[in-house]
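Visitor: I have a model open and would like to learn how to read it feature by feature. Could you walk me through it?

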Amino acid sequence: MKPRMKAWFGALAIAGTALTAQPALADVKLEFVVWNYSIDTIQDNIKKFEAENPGITVNLTDYTWPDYQDSLLLRFRGGTQTDVVYGGQDWLPAWAAAGYLAPLEDIAPAETLDALKKDIAGFALSDMTYKGKLYGLPYYADTISFLYNKKILEEKGIPVPTTWDEVMAASEKLKADGMERPIVYEYNQELPNFFDAFVAQTYSRGGDLFDADKKAIFDNPENAAYQQLQWLADAFAKGLVQPETHESKIIPAMNTGKHAFTIVYNYVLAAMNTPGEQALAGQFALAPMPGSAQSTLGFTKFYAVTAKTAADAERAEAAWKFVNFMAGKPYKVAERWAAEKGLGFGQMPLFQNKDVIDAWQKWVDVPTLEKQVASARAGTWTEWTVIWSAYFRPLLAKAMVGEASVAETMKAGAERWNMMQARFAK
Amino acid sequence: MLRTLAGRLGTFAGAMLILLFTGGPVLMSLTGSLVPDRVLFDENKGLLDEGIRFDNYRYIFTGELPDSYQQAGANRAMISQTARQVPFALVNSVQISFSAALLALLLATPAAYMYARVAFRGKKLTFMFLILSPLVPTVALVTPIYMTIEAMGLLGSKLGIIFVHAVKAIPFVVLIISVFFRKLPVELFEAAQLDGCTRMQTFLRIALPVALPSVAATGLFAFMLSYAEFMFSMVLSGDSGSRPISVVMAALARNTDVSWGLLNASIFIAIVPTLILVAMVWRFVVEGMLRGAIKG
């Protein structure tokens with residue numbers, strides 16, 4: 001080979017090597033926005049992702065939980081580069097309708113998504129779906145649970161209630177035996193949880209507040225929600241209920257041993273059973289939600305990708321890799337949140353994960369929880385649900401304590417819902 | 001005699017009431033930070049039944065978990081890592097507040113002199129505009145200011161927050177210092193003019209040295225405005241590198257998943273340096289401001 005040819009081949013070889021040595025993605029810096037829970041853990045997860053994905057770096061921005069939604073909307077409207085965010089089931093309809101978020105179908109391989117969907121709990125999948133499209137993968141999911149004090153029930157010879165009538169009967173027996181208020185209830189019209197707990201009880205009776213067309217049907221006395229509100233009003237009227245303004249107050253209240261039952265999100269059970277911190281830790285257990293269906297309400301917070309990012313092929317590819325790392329198989333990050341922090345999850349295979357079982361069985365019966373999660377249902381989330389809920393919660397609160405009738409409350413709530421639905425449809 | 005005694009008792013009662021609302025929360029934070037949650041919430045236990053513990057402070061400064069959360073089966077969700085940002089956020093706050101106060105003084109002191117001593121077209125109108133501008137609700141300004149800082153490429157930086165805090169402090173600084181400049185005897189400026197001083201020389205060599213105590217006091221006031229500001233700090237700071245203490249405290253106080261002990265320890269750490277600073281300099285602030293009000 002002539003020297004000049006050699007030089008050409010040499011140059012081509014160098015150029016080829018240089019080209020093939022480029023990473024699959026040019027350097028991308030993703031902007032990841034979260035609310036500030038366990039930032040160190042998130043940063044550590046990001047480091048692991050960056051190590052596995054050279055060429056992609058992730059910048060984390062966090063806001064306080066109460067200001068998160070407003071801050072994020074400011075970023076969306078201000079055009080601030082935002083690639084991956086924490087989303088929530090209650091915000092999804094409004095964010096998706098406004099075009100802030102992109103369906104994962106737009107950026108992820110269909111077969112990967114299909115495989116992931118099969119593993120996700122039904123309620124979680126529904127929480128992350130808007131108009132038939134999937135907008136996220138679960139970061140954290142939990143269900144509302146019926147919790148009881150095992151020791152108290154055993155001592156009094158009371159079986160674990162399986163219907164609301166049995167809860168009432170058990171509470172009346174406990175009251176007759178000297179327990180002043182056997183049920184602790186999170187009673188605060190300002191909190192979305194207040195409505196969520198009511199929906200969970202409705203689901204446990206096998207009913208729903210809305211029909212398939214999302215019309216309000218709970219003003220019918222035969223409706224499960226109507227019956228459950230009547231049940232709650234009766235329980236309050238009989239002096240069986242100790243109202244507490246926040247779940248954080250329910251934890252110490254249950255740990256006084258003066259109450260036997262409560263209805264709260266499952267993570268509260270973890271706090272109630274924390275040895276070293278709680279006086280009666282270990283005495284509390286989860287029972288399937290009382291009622292014929294034993295179903296409950298679940299909620300899901302998830303990783304979502306913005307529409308702006310989805311429109312940029314390079315960023316979209318990087319964002320999907322990141323979301324898939326944080327919430328996809330083999331669910332290492334979700335496993336870490338569950339085992340280290342006790343956070344719930346939407347990926348059902350984690351119920352068979354040894355590390356998760358080892359960590360969780362210290363405060364909950366894992367098979368019972370798994371059944372509860374599998375049967376949980378999502379809330380009815382629309383563009384107007386949050387606004388309507390803020391209207392309905394004070395009515396609900398009044399009806400529970402007998403300041404308004406159940407019939408009037410349900411009629412007013414249903415009328416407002418149907419009116420808002422009609423307005424939004426326009 | 002009886003009247004004097006009644007007066008003293010009244011003063012004592014008034015002082016105690018003020019102490020209850022000022023010192024009470026500090027004392028409660030200190031107690032809550034040293035006593036485990038399980039004792040705090042157990043009505044059957046005395047506050048000091050299990051002694052005092054410094055676990056929460058140890059966690060904030062070293063990251064080592066409180067003893068009760070190191071037990072098997074402990075739910076660590078109540079241990080917020082945000083608490084570990086408190087010491088660093090204090091440093092951020094001091095840097096931001098000091099810079100904002102300095103910038104506000106640099107811009108507002110000459111402006112205050114102009115408004116007090118120089119006649120120019122539009123003086124009344126611009127002064128009114130400046131002084132009344134703080135009446136615009138902060139929330140209404142969040143979006144435009146956010147977009148401005150974003151356009152400047154300063155989002156998530158301390159510099160962006162410093163600019164906004166300085167701008168927010170300027171109306172107050174101009175108002176307070178211009179009052180002082182107005183009270184200075186006119187003969188002082190006439191003498192300077194006769195000696196051939198330019199307007200700038202009169203400001204720098206005559207007015208400023210005389211006004212320095214008031215300027216310093218107003219600077220401290222601007223420092224405190226910035227230190228306590230939350231809304232802009234929250235939307236403009238991006239991560240712990242630029243986040244001031246007001247935002248970190250809000251993150252802790254408004255997060256119900258944070259243990260009471262950790263929250264109280266953070267509150268105590270956050271307020272003690274502020275209290276010491278205020279106790280040290282408040283006298284000078286008041287004196288400096290009064291000087292502006294009564295001079296001449």
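Visitor: Which residues does A104(B) touch, leaving out those up to four places away in sequence?

Guide: Some ground rules before that: this is a predicted model, where local features need pLDDT of at least 70, side-chain atom pairs count only at pLDDT 80 or more, and totals for chains, interfaces and linings use all residues. Residues are numbered from 1 along each chain as its sequence is written, while chains are lettered from A and ligands numbered from 1 in the order in which they are written. Now, two residues are in contact if their C-beta atoms, placed from the backbone, lie within 7 Å. By that rule A104(B) touches A166(B), A169(B), I170(B), V173(B) and A222(B).

Visitor: Which residues have the most contacts inside the largest nonpolar core?

Guide: A nonpolar core is a set of buried Ala, Val, Leu, Ile, Met, Phe, Trp, Tyr and Cys residues joined through C-beta atoms within 7 Å. Buried means 20 or more other C-beta atoms within 10 Å of the residue's own, exposed means 12 or fewer, and partly exposed is in between, with C-beta atoms placed from the backbone. Here the largest core has 191 residues, and those with the most contacts inside it are Y303(A), A319(A), F322(A), V323(A), A104(B), V173(B) and I177(B). Helix α7 (residues 158–183) of chain B gives the most to this core, namely 13 residues. Helices (H or I, at least four residues) and strands (E, at least two) are DSSP runs, numbered from the N terminus.

Visitor: How do I read the two sides of a strand, say β8(A)?

Guide: In a regular strand, side chains alternate between the two faces of the sheet. In β8 (residues 183–186) of chain A, I183(A) and Y185(A) point one way, V184(A) and E186(A) point the other way, and all are buried.

Visitor: Which strands pair with β8(A)?

Guide: Strands pair if DSSP finds at least two bridges between them. β8(A) runs parallel to β9 (residues 241–244) of chain A over four bridges, with E186(A) opposite E244(A). β8(A) also pairs in the parallel sense with β10 (residues 261–265) of chain A, over two bridges; there, V184(A) has T262(A) as its bridge partner.

Visitor: And a helix? Which residues of α15(A) are buried?

Guide: In α15 (residues 332–341) of chain A they are V333(A), A334(A), W337(A), A338(A) and K341(A). These residues sit on the same side of α15(A) because they cover an arc of only 140 degrees around the axis, where the arc is that of the directions from the helix axis to the C-beta atoms. Their cover includes α2 (39–52), β7 (137–149), α14 (313–327) and α16 (354–360) of chain A. Just after α15(A), G342(A) takes a positive phi of about 75 degrees.

Visitor: What should I look for in the backbone angles?

Guide: Most residues other than glycine have a negative phi, and most peptide bonds are trans. In this model, a cis peptide bond joins K329(A) and P330(A), with omega about 5 degrees, and P330(A) lies in the loop between α14 and α15 of chain A. K214(A), which is not a glycine, has a positive phi of about 65 degrees; K214(A) counts as partly exposed because 16 C-beta neighbours lie inside 10 Å. Q294(A) has a positive phi too, near 55 degrees, and lies in the loop between β11 (284–287) and β12 (297–306) of chain A.

Visitor: How many residues of chain A are in contact with chain B?

Guide: 34 residues of chain A are in contact with 31 residues of chain B. Among the elements giving two or more residues to the chain A side are α3 (68–78) and α11 (247–254), and β2(A) gives the most, with four residues. That side divides into 14 nonpolar, 13 polar and seven charged residues. For those classes, Ala, Val, Leu, Ile, Met, Phe, Trp, Tyr, Cys and Pro count as nonpolar, Asp, Glu, Lys and Arg as charged, and the others, Gly among them, as polar.

Visitor: What are the domains of chain A?

Guide: Domain bounds come from an automatic or database domain assignment. For chain A it gives domain 1 (25–141 + 298–377) and domain 2 (143–297 + 380–425). Their C-alpha centres lie 29 Å apart, and 20 residues of domain 1 are in contact with 20 residues of domain 2.
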